[in-house]
Amino acid sequence: MNDEAAAHYQSIVDQMTWGHRRLQDAFGTCGIPKIGWQIDPFGHSREQASIFAQIGFDAVFFARLDYEDKKKRVAEKSMELIWQGSDDLGSASDIFTHAMEMGYGPAPGFNWDLANGGSDDPIIDDPESEDYNVDKTVDRLFTYAKVYSNYYATNNVLFPMGTDFYYQDANMWFKNMDKLIKYANQRKSKGSNINVFYSTPTCYLHGVHMANHTFPTKKDDFFPYASNTHSYWTGYFTSRPAIKRYEKVGNNFLQVCKQLDVLTQGNGKNEALVTPLREWMG
């Protein structure tokens with residue numbers, strides 16, 4: 001999840017390539033991701049969308065878009081779109097884009113990360129207990145899902161479960177999510193049309209694709225980003241000149257080292273020397 005405003009595109013491509021190499025070495029080709037998970041950069045560039053499309057990603061998901069843009073898109077059910085990343089490249093740079101209305105944390109009432117201050121009650125499914133709350137919890141999920149579905153154009157709803165530093169007590173999360181899925185889906189026998197299941201962005205994207213909906217398009221950036229009135233996250237465009245120069249100079253050294261290895265027909269003999277620089281740049 002690289003910065004999109006202050007990093008040079010060459011560094012973005014280079015480090016994305018290096019990350020893919022690491023994943024492929026560890027997991028094989030099935031470990032290569034197909035989704036751009038850009039949930040927290042402070043605004044998003046059209047060029048990033050183009051890069052993702054060109055390296056073979058199927059979609060990009062993000063959480064931060066300007067509050068006024070978000071309000072308009074929610075009203076129009078256009079939180080999902082086809083981002084046209086380049087006039088020159090045409091459809092080769094188009095990518096499906098999903099803006100996450102609730103951000104990348106859990107829906108209200110479903111924060112079970114007690115180690116990080118989560119205060120929501122766990123699901124108590126013992127019918128003999130005075131704290132039994134299955135029905136109340138499922139009702140809350142369904143109510144929120146129906147509201148949230150009004151923001152998107154298909155009948156697929158993506159609920160992120162977790163955020164920064166969460167899952168320090170993963171058992172608490174999965175124990176409660178297992179129960180939530182079980183009891184939510186039991187209601188289908190009583191006529192409920194809501195199906196709840198563990199998923200991934202790729203699986204979600206498949207569901208959206210199967211809905212066969214025609215999405216709006218966009219050509220420009222998601223810059224500048226403001227989270228609310230007078231709260232523009234744009235200072236770093238012009239601040240931190242030292243670290244920006246450091247990134248440019250470091251990237252230049254990295255490219256020169258790689259080119260010298262090729263030109264001298266090193267055939268990878270210098271990998272042990274170049275790799276630390278790749279990782280430092282990452």
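Visitor: Let's start with His-230. Where is it found?
Guide: His-230 is in the loop between β6 and β7 (231–232). Keep in mind that this is a predicted model.

Visitor: OK, and what's its phi?
Guide: His-230 has a positive phi of about 65°, although it is not a glycine.

Visitor: Is His-230 buried or exposed?
Guide: His-230 counts as exposed, because its relative accessibility is 75% and the cut-off for exposed is over 50%.

Visitor: And Arg-240, what's phi there?
Guide: Phi of Arg-240 is near 55°, a positive value in a residue other than glycine. You'll find Arg-240 in the loop between β7 and α7 (241–263). Arg-240 is exposed too, with a relative accessible area of 64%.

Visitor: Switching topic: which residues does the cis peptide bond join?
Guide: That bond joins Phe-223 and Pro-224, with omega at about -10°. Pro-224 sits in the loop between β5 (217–218) and β6 (226–228).

Visitor: Now the inside. How many residues are in the largest nonpolar core?
Guide: There are 46 residues in the largest nonpolar core. The ones that touch the most other members are Trp-83, Ile-95, Trp-112, Leu-141, Phe-142 and Val-196.

Visitor: Which elements each supply at least two residues of this core?
Guide: The helices are α2, α4 (134–149), α5 (170–186) and α6 (201–210), and the strands are β2 (59–62), β3 (80–84) and β4 (94–99). The largest share, seven residues, comes from α5.

Visitor: What about helix α1 and helix α2, at what angle do their axes cross?
Guide: The axes of α1 (residues 9–27) and α2 (residues 46–54) cross at roughly 30° and come within 11 Å. The crossing is right-handed.

Visitor: Which residues make the contact?
Guide: From α1 you have Tyr-9, Ile-12, Val-13 and Met-16, and from α2 there are Gln-48, Ile-51 and Phe-52. By class, the contact of α1 with α2 has six nonpolar residues, one polar and no charged ones.

Visitor: Last one, zooming out: what domains does the chain have?
Guide: The domain assignment gives domain 1 (33–237) and domain 2 (241–281). Their centres, taken over C-alpha atoms, are separated by 37 Å.

Methods. Residues numbered from 1 in each chain as written. Predicted model: local features only at pLDDT ≥ 70, side-chain atom pairs only at ≥ 80, totals over all residues. Heavy atoms only, no water. Axes fitted to C-alpha atoms, helices over the stretch in contact; angles between N-to-C directions. Helix = DSSP H or I, 4+ residues; strand = E, 2+ residues; numbered from the N terminus. Left-handed = near helix turned anticlockwise from the far one by under 90°. Contact = heavy atoms within 4.5 Å. Nonpolar A, V, L, I, M, F, W, Y, C, P; charged D, E, K, R; others polar. Domains from an automatic or database assignment. Core = buried A, V, L, I, M, F, W, Y, C linked by side-chain atoms within 4.5 Å. Buried < 20%, exposed > 50% of the residue type's maximum accessible area, 1.4 Å probe, protein only.
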